[in-house]
Amino acid sequence: MFDIINPRQTVLVGCRGQIKILGKEVQKDNLIAIDWHTPVSPNPYHYSICIGKTKFSKKLIDESGVFSVNFMSFDNKDEVLFCGRHTGEHFDKFKETGLKIIESDSIDCPRVCEAVAYLECKIVKKFEFGSHVTFIGKVINSKFCKISERLFHTKGDSFGRL
């Protein structure tokens, strides 16, 4: 089936939340690479993301009620692949990849400085389907930052550009 629906643009979703590490509450910023995302309404503008129920980022988004969608350049494919292959529960993905964290303007959530464009979203609905959760977010703020070839996932660890 993935040969039919791919390539799909890969984005990094930013999230933040409180978690317990060794019995101590800490704030954790995280990024998750996803291909399953789409606009769902132009007026008012809403955007959806789909994340596995067991993912660390899902827990952070559930807690915070917000997320950022960071559209990435093909030049960042290695960083995006790292974010897709490692859990933020055990890694600081910003530190490990060298991506620069930037605060969102309208929500309490990290963004990626290197992003080509971004959306800042506040959750308005959540749906569970099989192994995944779809979050519908109202877009609170957005910006197209720079012109660059975007990152598209083709299959496995392979990416293309458009």
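A polar atom of the threonine 97 side chain lies 3.2 Å from the backbone nitrogen of leucine 99, a polar contact (N or O atoms within 3.5 Å, one able to donate a hydrogen and the other to accept it; residues adjacent in sequence count only if both atoms are side-chain atoms). The model is predicted, with local features needing pLDDT of at least 70 and side-chain atom pairs pLDDT 80 or more, while totals for chains, interfaces and linings use all residues. Residues are numbered from 1 along each chain as its sequence is written, and side-chain values use heavy atoms, without hydrogens and water.

Threonine 97 belongs to helix 4 (residues 93–97); helices (H or I, at least four residues) and strands (E, at least two) are DSSP runs numbered from the N terminus. With a relative accessible area of 14%, threonine 97 is buried, where buried means under 20% (1.4 Å probe, protein chains only). Leaving aside residues up to four places away in sequence, threonine 97 touches Glu79, Phe82 and Cys83, contact being heavy atoms within 4.5 Å.

Seven strands form an open sheet in the order 3-2-6-9-10-5-4, with antiparallel pairing; strands pair if DSSP finds at least two bridges between them. Strand 3 and strand 4 (37–42) are the edge strands, each pairing on one side only. Strand 2 and strand 3 pair over 11 bridges in the antiparallel sense. Helix 3 (residues 77–85) packs on the sheet and touches both strand 2 and strand 3.

In helix 2 (residues 56–64), the residues Phe56, Ser57, Lys58, Leu60 and Ile61 are buried. Just after helix 2, glycine 65 has a positive phi of about 80°.

Terms used. Buried < 20%, exposed > 50% of the residue type's maximum accessible area, 1.4 Å probe, protein only. Axes fitted to C-alpha atoms, helices over the stretch in contact; angles between N-to-C directions.
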